[in-house]
Amino acid sequence: MDRAVFDFIHSFVGQYFWLDVLMIFLAQYLPYILTIFFLYLLFLSFKEDQEKWLKRIYFFFLASLSLLIARGLIVPLFRFFLPRSRPFLALGFDPLLQGFFSAASFPSGHAAVFFVLASVAFFINRRWFWYLLVGAILNAAARVYVGVHWPSDVLVGAVVGAIVTVFLHRFLTQVKL
């Protein structure tokens, strides 16, 4: 199933120049835009008063801890215990993105990171959550399109990022941090 979905998505590569350029942009540069968008939400969208500063610190802590656990602990553990080659290595083609990629692709670290940011945004501002969620989905789909991830890589990365964030938020609000 994973291979069939990958083959379908990747079959569009080379068909339309504009689509290739768009997907390269979404896979390589959209992460910077999403990060700036999230930082704006976190640091500039709150009004200045004491209660808002405490919320800002809490959400910064939530995002940082979620990123540390999801991207810094769980993703590397998966990659160590369940190593899986990237599609371009397994199938022997050149990906649309050039650069250094570790051999392991499962799960997607990018998906974990941007679904953490979207999940934190859910607790801050629901409208901004939707923007970040759409951006995270576009980035994940583009990384499959350009050939650096399998569909299950980005799906599991997204689930890891979202679950870690929701779990930590519930835990931290129950212990009154």
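Let's start with a pair of charges. Arg 3 forms a salt bridge with Asp 7, and their closest N and O atoms are 3.0 Å apart. By salt bridge I mean a side-chain nitrogen of Lys or Arg within 4 Å of a carboxyl oxygen of Asp or Glu.

A word on the source. This is a predicted model: local features need pLDDT of at least 70, side-chain atom pairs count only at pLDDT 80 or more, and totals for chains, interfaces and linings use all residues. Residues are numbered from 1 along each chain as its sequence is written, and side-chain values use heavy atoms, with hydrogens and water left out.

Back to the pair. Arg 3 and Asp 7 both sit in helix 1, four residues apart, about one turn of the helix. Helices here are DSSP runs of H or I, at least four residues, numbered from the N terminus. An α-helix has 3.6 residues a turn, so residues three or four places apart point the same way. Arg 3 is partly exposed, at 44% relative accessibility. Asp 7 is partly exposed too, at 33%. The cut-offs: buried is under 20% relative accessible area, exposed is over 50%, and partly exposed is in between, with a 1.4 Å probe and protein chains only.

How many salt bridges does a search of the whole structure find? Three. Arg 84 forms one with Asp 2, with the closest N and O atoms 2.2 Å apart. Arg 84 lies in the loop between helix 4 (50–81) and helix 5 (87–91), and Asp 2 lies in helix 1, so this pair ties together parts that are 82 residues apart in sequence. Arg 84 also forms a salt bridge with Asp 153, at 3.8 Å between the closest N and O atoms. Asp 153 is in helix 8, so that pair ties together parts 69 residues apart in sequence. Together, Asp 2, Arg 84 and Asp 153 are linked in a network of salt bridges.

Is Asp 153 buried or exposed? It is buried, with a relative accessible area of 0%. Arg 84 is partly exposed, at 25%.

Helix 6 covers residues 109–124. Its 16 residues should span 22 Å at 1.5 Å a residue, and its end C-alpha atoms are 23 Å apart, which agrees. The expected span is 1.5 Å times one less than the number of residues. Helix 6 is mostly covered, with 13 of its 16 residues buried.

Helix 7 runs through residues 126–145. It has 20 residues and reaches 28 Å from its first C-alpha to its last, close to the 28 Å expected. Asn 125 caps its N-terminal end, with a side-chain oxygen 3.0 Å from the backbone nitrogen of Arg 127. The buried residues of helix 7 include Trp 128, Phe 129 and Tyr 145. What do the buried residues of helix 7 pack against? Helix 1 (2–10), helix 2, helix 3, helix 6 and helix 8 (151–174). After helix 7 comes Gly 147, with a positive phi near 95°.

Last, the surface. Residues including Phe 8, Trp 18 and Tyr 29 make a nonpolar patch of about 980 Å². Such patches join nonpolar side chains (Val, Leu, Ile, Met, Phe, Trp, Tyr) within 5 Å, from residues with over 30% relative accessible area and no salt bridge. Helix 2 gives the most to the patch, three residues. Tyr 29 is in the loop between helix 2 and helix 3. Tyr 29 is partly exposed, at 42%.

Note on methods
Patches are made of residues with over 30% relative accessible area and no salt bridge: like charges are joined within 9 Å, nonpolar side chains (Val, Leu, Ile, Met, Phe, Trp, Tyr) within 5 Å. Accessible areas come from the Shrake-Rupley method with a 1.4 Å probe; for residues, only the protein chains shown count as cover. Helices (H or I, at least four residues) and strands (E, at least two) are DSSP runs, numbered from the N terminus. Contact means heavy atoms within 4.5 Å. A polar contact is a pair of N or O atoms within 3.5 Å; within protein, one must be able to donate a hydrogen and the other to accept it, and residues adjacent in sequence count only if both atoms are side-chain atoms.
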